[in-house]
Amino acid sequence: MFESGQDIFNILSEAIPEGLLMVDDNQNIVSVNSACLKIFGYAREALINQKLSILIPNRYHANHGGHFKGFFHNSERRQMGEGRELFGLKRSGKEFPIEVGLAPFTIYGKSFVLALLVDITQRKETESKILELNERLEDKIKIRTSELHETIAELEIEVEKRKKAEAQALESLKAERELNELKTKFLSMVSHEFKTPLTGILTSTRLATKYIETGNVEKQQKHLNTIANKVHYLNDILNDFLSVERFESGKIKYHFTHFELSKVLNEVVYDSNMLLKSGQSINYPENTDDFTLYFDQKILELLLFNLIRNAIKYSPENTTIDLTVEEKDSKLIFTVTDEGIGIPEKDQKHIFERYFRAQNASLDQGTGIGLNIVKGHLESLGGSIYFSSKENIGSKFTIEIPIKSALLS
């Protein structure tokens with residue numbers, strides 16, 4: 001039967017890079033391809049009509065017959081030796097790990113098994129090396145862990161010192177993780193946030209120069225305003241970065257003075273009006289002249305400006321931003337409410353994290369620093385910030401300052 005189609009079978013089997021071997025139901029080898037001969041180191045005539053056991057190590061001969069009969073009885077394609085390692089025997093007598101796929105078939109009333117063979121010696125060697133490297137790594141980790149415990153133990157003079165040391169170690173580890181995660185994101189963000197306004201400044205400078213030559217004052221002023229806005233934006237970014245650096249280096253120093261709340265509100269709203277889109281407006285509270293604060297004036301301006309700037313940025317044209325102030329439960333409470341894009345629910349838990357941008361805000365300019373800075377200042381000053389938001393409806397941000405340390409009536 002095989003002799004009649006030998007040419008076709010040879011063409012097909014020789015095209016397969018894996019070893020191909022065929023045996024009959026008496027375990028006689030009836031056909032092999034060149035890849036199989038290369039694996040076992042035999043010439044073709046030395047294998048044809050030989051028992052399959054010639055390719056199996058002696059220590060497996062006793063059980064092989066039973067396995068072979070059981071396989072024929074089940075007659076299903078499968079991977080041989082699942083859950084255990086298989087070995088072949090080369091002509092030289094050397095054993096080697098092997099992977100075997102079996103496919104039984106019957107033709108002209110006679111049963112055969114087609115085996116696909118792969119020498120996995122190199123794979124096993126690689127796995128062994130990986131296992132060895134992992135064991136070495138585990139040993140190093142154990143050593144380093146032991147050294148760390150010894151170091152901590154030396155610092156455990158008393159309970160309070162031990163807690164402090166552990167907290168510092170955890171904080172350092174957390175900071176290192178954050179640095180690794182944010183490095184690429186930070187560099188990309190900085191590049192984008194600076195490149196976009198700088199490109200706008202360059203373009204507006206060229207156009208303003210052109211309109212100076214043509215005497216078109218209106219368009220000249222338009223581009224000069226664009227340059228001013230872009231510079232103002234870049235200045236805000238740099239101030240944000242400086243605030244982050246001061247927080248991390250512990251250089252934040254607050255300067256408390258007495259000042260009228262209405263003065264701060266007027267300054268913040270005046271600066272914010274320069275950022276308003278077409279049709280936008282800001283409603284801010286009246287009757288604030290009676291409020292005199294003892295607080296850091298610049299920090300309060302920064303806090304309120306950040307919230308109003310975000311409300312403007314993430315709200316469409318022809319919308320209103322509401323700013324309110326009230327005294328309640330020994331606290332001075334500021335709220336900024338907008339009709340903007342809102343914050344997706346899944347992003348809300350991360351909104352105060354440094355450099356985080358909500359998914360629906362990724363196309364707008366921003367560093368993801370502002371809210372983080374606001375929260376940091378408030379926590380340092382005994383205040384707090386919280387918000388409520390619904391996507392495509394708007395957001396409401398609230399900051400609270402303890403009156404006992406911030407307000408004098």
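Modeller: Phe105 is partly exposed, with a relative accessible area of 28%, where partly exposed is the range between buried (under 20%) and exposed (over 50%), computed with a 1.4 Å probe on protein chains only. The model is predicted, so that local features need pLDDT of at least 70 and side-chain atom pairs pLDDT 80 or more, while totals for chains, interfaces and linings use all residues. Residues are numbered from 1 along each chain as its sequence is written, and side-chain values use heavy atoms, leaving out hydrogens and water.

Biologist: How should I read a ring pair, and how many aromatic pairs does a search of the whole structure find?

Modeller: A pair of aromatic rings is described by the distance of the centres and the angle of the planes. Rings of Phe, Tyr and Trp (its six-membered ring) pair if their centres lie within 6.5 Å, and planes under 30 degrees apart count as stacked, over 60 as edge-to-face and the rest as tilted. The search finds 6 aromatic pairs; among them, Phe105 and Phe112 are stacked at 5.7 Å centre to centre with 20 degrees between the planes, and Phe112 is buried at 2% relative accessible area.
Phe387 and Phe397 also form a stacked pair, at 5.1 Å and 20 degrees. Because Phe387 lies in strand S12 (residues 384-390) and Phe397 in strand S13 (residues 394-402), this pair ties together parts 10 residues apart in sequence, strands being DSSP runs of E of at least two residues, numbered from the N terminus.

Biologist: Which residues do ring pairs link into a cluster?

Modeller: Phe256, Tyr294 and Phe295 are linked in that way.

Definitions and conventions: Helices (H or I, at least four residues) and strands (E, at least two) are DSSP runs, numbered from the N terminus.
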